[in-house]
Structures are given as structure tokens and as C-alpha cells.
Amino acid sequence: MDGGGIAKVVALVAAIVVILDGEKAMTLCNVTDDGFTACKPSVTPPNPVMPSPECCEAVTGADLQCLCSYRHSFLLPSLGIDPDLALALPAKCNVPSPANC
């Protein structure tokens, strides 16, 4: 396994630990459970809506480069999130997207 593969496995294990930790709210790439909830209608097919102000606030505080690393992962779809819709949120919220995402 190359270095990128190892990093993805480590990130996945970390995400699973965060998700399964029952005593804390879910946080992934600086997006809290509340942020995911606010953005879910905007990243769920087949009829996504424009992001709410609460969603844009979550996007503004998110580690977008971290979220980009999940673009081709099964994690976002397993949470009901369409990765392409999620990666469109920064532009919809007037937040600069990271390069190479």
C-alpha cells in the first residue's frame, strides 16, 4: 500500500472512531453534527436545495481540503451525502474552494 493509501485508511479509521464515539457529537473536517444536519438538504439527491445560512456558516468553518480528501471515499455516500453536491457548497456559500479539489 502506498503512502496515499495508508493516509486514506488512517483518515477512514479516524472518521469511524469519531462517528462511533457516542459521548461526543460527530465532527468531520471541522464540521459538527449540527453543520451536517444544516447542509444535508443541500447535498442529498435527487432534489437538493440552496444552502441555508446555517449551512454556509458550517462551510465557512470547515476544513475544505480535508473534505476534498473524502471526494472518492465511501464515507460521504454512506452518510447520504453526494460528494459532488458537497463540493459545490463553497461556491454556493461564496467561500473560496481549495485548489486541486
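Buried here means under 20% relative accessible area, exposed over 50%, and partly exposed in between, with a 1.4 Å probe and protein chains only. Helices (H or I, at least four residues) and strands (E, at least two) are DSSP runs, numbered from the N terminus.

I noted the basis of the values. The model is predicted, so local features need pLDDT of at least 70 and side-chain atom pairs count only at pLDDT 80 or more, while totals for chains, interfaces and linings use all residues. Residues are numbered from 1 along each chain as its sequence is written, and side-chain values use heavy atoms, with hydrogens and water left out.

Next I listed the buried residues of helix 2: G35, F36, A38, C39, S42 and V43. They cover an arc of only 165° around the axis, so they lie on the same side of helix 2. The arc is taken from the directions that run from the helix axis to the C-beta atoms. I recalled that an α-helix has 3.6 residues a turn, so residues three or four places apart point the same way.

I then asked what the buried residues of helix 2 pack against. I found strand 1 (27-28), strand 2 (31-32), helix 3 (53-61) and helix 6.

Helix 2 (residues 33-43) and helix 6 (residues 83-92) pack at an angle of about 110°, with their axes 9 Å apart. Helix 2 is therefore roughly perpendicular to helix 6, a label for angles of 65 to 115 degrees. C39, S42 and V43 in helix 2 meet L85, A86 and L89 in helix 6, where contact means heavy atoms within 4.5 Å. By class, this contact has five nonpolar, one polar and no charged residues.

I followed S42 in helix 2. S42 counts as buried because its relative accessibility is 1%. The S42 side chain reaches the backbone oxygen of M50 at 3.5 Å. Leaving aside neighbours within four places in sequence, I found S42 in contact with P48, V49, M50, P51, L85 and L89.

Last, I checked helix 3. C55, C56, A58 and V59 are buried there. Their arc around the axis is only 155°, which puts them on the same side of helix 3. On the other side, P53, E57 and T60 are exposed. I saw that the cover over the buried residues of helix 3 includes strand 2, helix 2, helix 4 (64-68) and helix 6.

Note on methods: Axes are lines fitted to C-alpha atoms, for helices over the stretch in contact, and angles run from 0 to 180 degrees between N-to-C directions. Angles under 35 degrees count as roughly parallel, over 145 as roughly antiparallel, 65 to 115 as roughly perpendicular and the rest as oblique. Ala, Val, Leu, Ile, Met, Phe, Trp, Tyr, Cys and Pro count as nonpolar, Asp, Glu, Lys and Arg as charged, and the others, Gly among them, as polar. A polar contact is a pair of N or O atoms within 3.5 Å; within protein, one must be able to donate a hydrogen and the other to accept it, and residues adjacent in sequence count only if both atoms are side-chain atoms.
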